[in-house]
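Colleague: Please put the model up. I would like to go through its helix packing, its chain contact and its salt bridges.

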Amino acid sequence: MTVATVSTQSSEPVFHVIDEHAHPEGASTMLGFWIYLMSDCLIFAMLFATYGVLGGNYAAGPAPKDLFDLKLVALNTTMLLLSSITYGFAMLTMEKSKIGATQAWLAITGLFGLAFLGIELTEFAHMIHEGATPQRSAFLSSFFTLVGTHGLHVTFGLVWLVTLMVQTARFGLTEANRRRLMCLSMFWHFLDVVWIGVFTFVYLLGMLR
Amino acid sequence: MTTEARTLEANAGGHGHDDHGGAAHGSLKSYLIGFGLSVVLTAVPFWLVMTGTITDKQVTALIVLVLAAVQIVVHMVYFLHMNTRSENGWTMMAMIFTVIMVVIALTGSLWVMHHLNVNMMPIHDMSQMP
């Protein structure tokens, strides 16, 4: 690194430090991942806008009132909310370096996530069985795109969760694994935030329409 | 925290409470407060819509939307640990930018498309034709 010697006299040459000071590994990961989440947020905003525009075009097909079962949606919301708090507990035990408890909370989070996906797929299968396929109307196309994209995010979150559990089991709670678990924490809580928008805009307001 | 845990943490790369503006952490209390608020803010809109307590649908919709907005803020603060200090304020800056973009995209799309529907696709009532 170049050392600066600043002189008060103007005739003397002035040196500045041109090298950027060293950052520890992964110091900018959290900010970078946050910016990724914000870009993901924009994707969901576009899908919400599409649903907002097309959500009333039933093409003489089924409307939200004919299709949605709010009890099932409430159960689904509970699953995702519980998975959020259990992931929070996993982060708290991780900070205390309790590897067994961290793995247990991560496993419980995964099970709640799996329950959420199972219920959602059951709902989709039921709708498609009744003829409410994505091709039926613009409302159903935008519904399946929005809710399906969220479900796909949860699926990839689960794959990531299992990967990190294997990583943690093999290498322990190393600095890199902690960083990865914190990224997944943000991803998981972010998906819960998106789900608030989904159950409000799509399901609750759909039933009021 | 025990001394042993502190040493472990230091060995793990000093992932403690750094004052360098890193990512924020939560505590058990903050997670439980956030969870409690979320349960209430989820249960109330579902109860309102499922039972139809308020007969005026527009009032119900407005309450549901406000509760959703509050719940999003609760999740941001208690689960995503959003504050003005983490990463020297850059996470907040990124979020404010995103919120502005989302608001422009959502209100713009809905507004424009609503007016297109109203103005460009008149319903011809043939019985009124001369």
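Colleague: Which hand does the crossing of α3(A) and α4(A) have?

Modeller: In this predicted model, local features need pLDDT of at least 70, side-chain atom pairs count only at pLDDT 80 or more, and totals for chains, interfaces and linings use all residues. Residues are numbered from 1 along each chain as written, chains are lettered from A and ligands numbered from 1 in written order, and side-chain values use heavy atoms, without hydrogens and water. A crossing is left-handed if the near helix is turned anticlockwise from the far one by less than a right angle, right-handed if clockwise. α3(A) passes α4(A) in a crossing that is left-handed.

Colleague: How do α3(A) and α4(A) run, roughly parallel or roughly antiparallel?

Modeller: Helices are DSSP runs (H or I, at least four residues), numbered from the N terminus. The axes of α3 (residues 70-95) and α4 (residues 99-129) of chain A come within 8 Å and cross at roughly 165°; axes are lines fitted to C-alpha atoms over the stretch in contact, with angles from 0 to 180 degrees between N-to-C directions. Angles under 35 degrees count as roughly parallel, over 145 as roughly antiparallel, 65 to 115 as roughly perpendicular and the rest as oblique. α3(A) and α4(A) are therefore roughly antiparallel.

Colleague: At what angle do α1(A) and α5(A) pack?

Modeller: Helix α1 covers residues 29-54 of chain A and α5 residues 138-171 of chain A, with axes 7 Å apart. Their crossing is left-handed. The contact (heavy atoms within 4.5 Å) includes F33(A) and Y36(A) of α1(A) and H153(A) and W160(A) of α5(A). The packing angle is about 160°.

Colleague: How many nonpolar residues are in the contact of α1(A) with α6(A)?

Modeller: The axes of α1(A) and α6 (residues 175-208) of chain A come within 11 Å and cross at roughly 20°. That makes α1(A) roughly parallel to α6(A). Ala, Val, Leu, Ile, Met, Phe, Trp, Tyr, Cys and Pro count as nonpolar, Asp, Glu, Lys and Arg as charged, and the others, Gly among them, as polar. Beside two polar and two charged residues, the nonpolar count is 18.

Colleague: Which residue forms a salt bridge with E25(A)?

Modeller: A salt bridge is a side-chain nitrogen of Lys or Arg within 4 Å of a carboxyl oxygen of Asp or Glu. The whole structure has one salt bridge over all chains. Its closest N and O atoms are 3.6 Å apart, and the partner of E25(A) is R179(A).

Colleague: How many residues apart in sequence are the parts that E25(A) and R179(A) tie together?

Modeller: E25(A) lies in the segment before α1 of chain A, and R179(A) in helix α6 of chain A. So the pair ties together parts whose separation in sequence is 154 residues.

Colleague: How much area do chain B and chain A bury between them?

Modeller: 46 residues of chain B contact 47 residues of chain A. Salt bridges between chain B and chain A number zero. Buried area is the accessible area (1.4 Å probe) that two parts lose on being put together, summed over both. With 81% of it on carbon and sulfur atoms, the buried area is about 4,100 Å².

Conventions. Helix = DSSP H or I, 4+ residues; strand = E, 2+ residues; numbered from the N terminus.
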